[in-house]
Amino acid sequence: MMRRNPRSDVKATVKQAIACARLAGSETVEAEHLLLALAGKPGTIAYAVLSEAGLDAQRISDALAVEQAASLAAVGVTALTSPLPTYLPEARQMGQSSRLALTRAAAAAKARKDRRMRSTHLLIGVLSADVGRVPRALAHAGVDRGRMLAECHAALDHHQRTAS
Amino acid sequence: MVHTVPTTYADPGDGLATVVALRQLADQIEADEVARAIRAGWSWARVAEALGVSRQAVHKKHAKRLLLDAPRKGIR
């Protein structure tokens, strides 16, 4: 599980997030697409933490859809959109939420004195947001963000101990 | 002034989430309807006028994907 090159680990996740954004019909890559990418990549700590919380890519997608429907329902809008977008845009740039997640991931790695950012840090970055689509969707799914964050840190601590 | 949005959001985050969801929905409807208009033979100028934006703006936002889609959907 830990033998992957961490840098390629993060790179591959971002690449996958771009694909997730495209499939979701989004022109920007957002934090939820990073989360979907992490949930679709078995063999990583991030995947294990998400699985432990019962989150796979499908459940995250469902939670995002529920969140969107609830936010629209608040103003009386019932979206008649199909579950799959009818066109697939090029996700051309990182959106603000994914930039923040990456910044927070890097800050978490630095604060922990981890030499390299890996996908676990990315998950920490994504889960650190208090507002926005990801925490709202996770709340709809009844998932404890704080607990997942703690599990990420515990797994990184364990890795640090065994590596030294 | 007519208020059409609820003023009873428990949290500002709820209201802001509605804004995000409405933007996503608007983007999706725009993408679908622009594609439909162009397929139906509308000019970019007409689409732009209907949307209330410049021809350049609508072309920049949608032309590339629609032209890429052309072989699949019969757009010229």
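C152(A) is buried, with a relative accessible area of 0%. Buried means under 20% relative accessible area, exposed over 50%, and partly exposed in between, using a 1.4 Å probe and protein chains only. C20(A) also counts as buried, because its relative accessibility is 12%.

Over all chains, the disulfide count comes to zero. A disulfide here is a pair of cysteine sulfur atoms within 2.5 Å.

## About the model

This is a predicted model, where local features need pLDDT of at least 70, side-chain atom pairs count only at pLDDT 80 or more, and totals for chains, interfaces and linings use all residues. Residues are numbered from 1 along each chain as its sequence is written, chains are lettered from A and ligands numbered from 1 in the order written, and side-chain values use heavy atoms, without hydrogens and water.

## A covered helix in chain A

Helix α2 of chain A spans residues 31-39. Helices are DSSP runs of H or I with at least four residues, strands are runs of E with at least two, and both are numbered from the N terminus. How many residues of α2(A) are buried? Nine of its nine residues are. Among them are E32(A), H33(A) and L36(A).

## Chain B

Chain B has three helices and zero strands. Its pattern along the sequence is α-α-α. Of its 76 residues, 32% count as buried.

Contact means heavy atoms within 4.5 Å. Among chain B contacts with a separation of 6 or more, 39% join residues 24 or more positions apart. Chain B exposes about 5300 Å², and carbon and sulfur atoms supply 58% of that area. Accessible areas come from the Shrake-Rupley method with a 1.4 Å probe; for residues, only the protein chains shown count as cover.
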